[in-house]
Amino acid sequence: MLPPGRGGRPRGWRKAVRGGFLAVALAFGVWAVASRWDEVAAGFARLTPGMVAASLVAVVGALLGAMLTWRTLLADLGSRLPVRSAAKVFFVGQLGKYIPGAVWPMLAQMEMGRDLGVPRARSAAAFFLMMPIQLATGLLVAFGTLGWDRFGWLLLLVPVLLVLLEPRVINAVIGYGLRRLKREPLERPLTRKGMLAALGWALAGWACYGVHLSFVAPQGGLVFAIGAFALSWCLGIMTFVVPAGAGVREVAMVAALAPVMDSGPAIAVALASRVVIILGDLICAAVAGLSARRVSV
């Protein structure tokens, strides 16, 4: 029997909600693919091995941009890791996002970072800063590339995210959290220079993700692909109840591609994009782990 949590509810209710949401999302996803199977199959048939390979290369570039965003934040907070070591901690830790629950990547990065002399609080701060940075830059990219007429509502979120990206606000929030946890404060606060550098790497990552999507969905052009992917990723990542935004990102991508593609081919593109990104995560984790191991030997 599970021990009761707050409000008398069992601690396992969150796991049940996540599992139920994921099951429903997968069921609707299977139904959507099955009901348009001929169109989806035709969409997959248009994807050549060269297109998929080029898309995978672009994904690796995007993942490197995310790693450099995180490494920049960590360095600004006081722990400058060599690129190979940072890549191992980030990429191997990121595999935890495929496990239900949002804490596994953070815990993995904290433990691997500790072996390299990075305080746990500093690793946690860099991890939590990644989400507002990627959301803010992703929403700005989506608005700038997809236009006011369809996605002008995104501007309502930008002021809030910009406030959250102000270093003075971030440092105050981190300090409050550490005090509540009865932990020592961070030795070095986040600076505006470090934040701007991290934002630059995040924007570079969105450009690479757009290149990735444009290879498998060239109909709308590169600029449209950048915005479509950024929007679908942001909507997916805001759904915390499923691992890595599974299902939500694909639905959002099909909707974003609607102006240039029918739903069947768009479903094929969304599924292909998901598979390519998973392959990119695995490749980056494997290469980073082997590279760091060779250096340490």
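**View 1. Asp 281 sits in helix α13.** Helices here are DSSP runs of H or I with at least four residues, strands are E runs of at least two, and numbering starts at the N terminus. This is a predicted model, with residues numbered from 1 along each chain as its sequence is written. Local features need pLDDT of at least 70, side-chain atom pairs count only at pLDDT 80 or more, totals for chains, interfaces and linings use all residues, and side-chain values use heavy atoms, with hydrogens and water left out. Asp 281 is buried, at a relative accessible area of 4% (buried is under 20%, exposed over 50%, partly exposed in between, using a 1.4 Å probe and protein chains only). Setting aside neighbours within four places in sequence, Asp 281 is in contact with Leu 63, Leu 95, Lys 97 and Tyr 98; contact means heavy atoms within 4.5 Å.

**View 2. Here is the whole chain, with 13 helices and zero strands.** Of its 297 residues, 44% count as buried. Take the contacts between residues at least 6 apart in sequence: 70% of them join residues at least 24 apart.

**View 3. The largest nonpolar core has 70 residues.** Such a core is a set of buried Ala, Val, Leu, Ile, Met, Phe, Trp, Tyr and Cys residues joined through side-chain atoms within 4.5 Å. Trp 70, Leu 73, Phe 91, Ile 133, Leu 213, Phe 229 and Leu 257 have the most contacts inside it. Helices that each supply at least two residues of this core include α3 (49-76), α4 (83-94), α10 (192-216) and α13 (263-296). Zoom in on Trp 70 and, residues up to four places away in sequence not counted, you find it touching Leu 81, Ala 86, Val 89, Phe 90, Gln 109, Ala 126, Phe 127 and Met 130.

**View 4. Seven aromatic pairs turn up in the structure.** Phe 90 and Phe 91 have ring centres 5.4 Å apart and planes at 75 degrees, so they make an edge-to-face pair. Rings of Phe, Tyr and Trp (its six-membered ring) pair if their centres lie within 6.5 Å, and planes under 30 degrees apart are stacked, over 60 edge-to-face, the rest tilted. Both Phe 90 and Phe 91 are buried. Phe 127 and Phe 128 are also an edge-to-face pair, at 5.5 Å centre to centre and 80 degrees between the planes. Phe 127 is buried at 16% relative accessibility, while Phe 128 is exposed at 52%. Elsewhere, ring pairs link Trp 206, Tyr 209, Phe 229 and Trp 233 into a cluster.

**View 5. The second largest pocket holds about 570 Å³ of space.** On a 1 Å grid over the protein atoms alone, a pocket is an open set of points where a 1.4 Å probe fits, with protein on both sides within 12 Å along at least five of seven lines; lining residues have an atom within 4 Å of a point. Points are joined across faces, edges and corners, and the volume is the space filled by probe spheres set on them. Of the 20 lining residues, Ala 124, Ala 125, Phe 128, Val 173 and Ile 174 lie nearest the centre. Helix α6 gives the most to this lining, with seven residues.

**View 6. Gly 220 lies in the loop between α10 and α11.** Gly 220 counts as partly exposed, at 30% relative accessibility. Its C-alpha atom is 8.2 Å from that of Leu 257, 37 residues apart along the chain.
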